[in-house]
Amino acid sequence: MFSTSRLFSIRFIDPCRYGSFRSLSRGHATAVTMYKYKTREPSRFNPFLLLAGFMPIFTFGLGIWQLKRLQWKVNLIDELEEKLQLPPIRLPEEIDLSTFSEFIWRKVEVSGIWDHAHTMLVTPNVKDGVAGVRVVTPLLRPGASTILVDRGFVATTQLSQLPLHDNSETVHLLGMIRSSQPKNAFTLENKPEKGEWHWIDTEAMAGYAGGAAANVQPVFVEQIFEGSPTQATARINIGEPVGREPTVNIRNAHLSYVITWFSLSAFTSIAAIHMIRKGRAQRARSMPRFK
């Protein structure tokens, strides 16, 4: 009898070892590929995860830096407030510019004659919602060097009443020693040749008033106004300059920066933890796929 066992001879080969099996018959050989399963793990390199892990550290460092800046600014304001409480000093005939910075924010008493011919109007300026200018006039001190005095604010509508004529009347005033103001990217350039001033540059202003040849020193004093708000308004209405208040008006926004950076550090930390957990869950749920 014809035996099918003799007609077909089948040999099985371990697919895990060879990945295929062969079915052999008399005179014919058929190769059939057999697939094997292999799990493909997700890549562990994730640039977004690296960024999420870097941002909490970076923003936390910025928060620490701003915290130190906050402490420095608070100490600076306290130091300047203490200077304002000291009695006014008298400026010497010739001011030593090498040590002058130590006396910034100190009150001073000065007297002299206004050099109206070299008055400079610094624009723009706003006081209590009123547009105006700051009036800077050299003060001629008899037997001493000339200094620059910021006499205060004058409304634009009252500039025609501002006295700019020469006179020999001696004035006595109380002021505060200040320095040049830093110029930012949005501030216009000063044009002394056109009489246009947009920021306080003591060196350029002293040069405009005559410079070393006229014994003008780049010493800047802001006149102090100690009157009431009503008196200040009355002076503005008649075109008389209104000086500054005897207070420290240094901007201190470091606390808001500290809160911002630490908040961002907390939020990005939460986001990083969420991404790490999500990545682990995806690897745990990953199913085998054909390769």
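Phe54 has a relative accessibility of 45%, and it therefore counts as partly exposed in this predicted model.

The rings can now be considered as pairs. A pair of aromatic rings is described by the distance of the centres and the angle of the planes. The count for this structure comes to three aromatic pairs. One of them joins Phe54 and Phe58, whose ring centres are 5.6 Å apart with 20 degrees between the planes, and this pair is stacked.

Another pair is found elsewhere in the chain. The rings of Trp197 and Tyr208 have planes at 75 degrees and centres 5.6 Å apart, so this pair is edge-to-face. The pair links distant parts of the chain, since Trp197 is in the loop between strand 10 (171-178) and helix 4 (202-208), while Tyr208 is in helix 4, 11 residues apart from Trp197. Trp197 counts as buried because its relative accessibility is 1%, whereas Tyr208, with a relative accessible area of 29%, is partly exposed.

Aromatic rings also meet charged side chains here. The charged end of Arg151 sits over the ring of Trp114, at 4.7 Å from the ring centre, and the charged end of Arg178 sits over the ring of Trp105, at 4.1 Å from the centre of that ring.

Definitions and conventions
Residues numbered from 1 in each chain as written. Predicted model: local features only at pLDDT ≥ 70, side-chain atom pairs only at ≥ 80, totals over all residues. Heavy atoms only, no water. Phe/Tyr/Trp six-rings, centres within 6.5 Å; stacked < 30°, edge-to-face > 60°. Buried < 20%, exposed > 50% of the residue type's maximum accessible area, 1.4 Å probe, protein only. Helix = DSSP H or I, 4+ residues; strand = E, 2+ residues; numbered from the N terminus. Lys NZ or Arg CZ within 6 Å of the ring centre and 35° of its normal.
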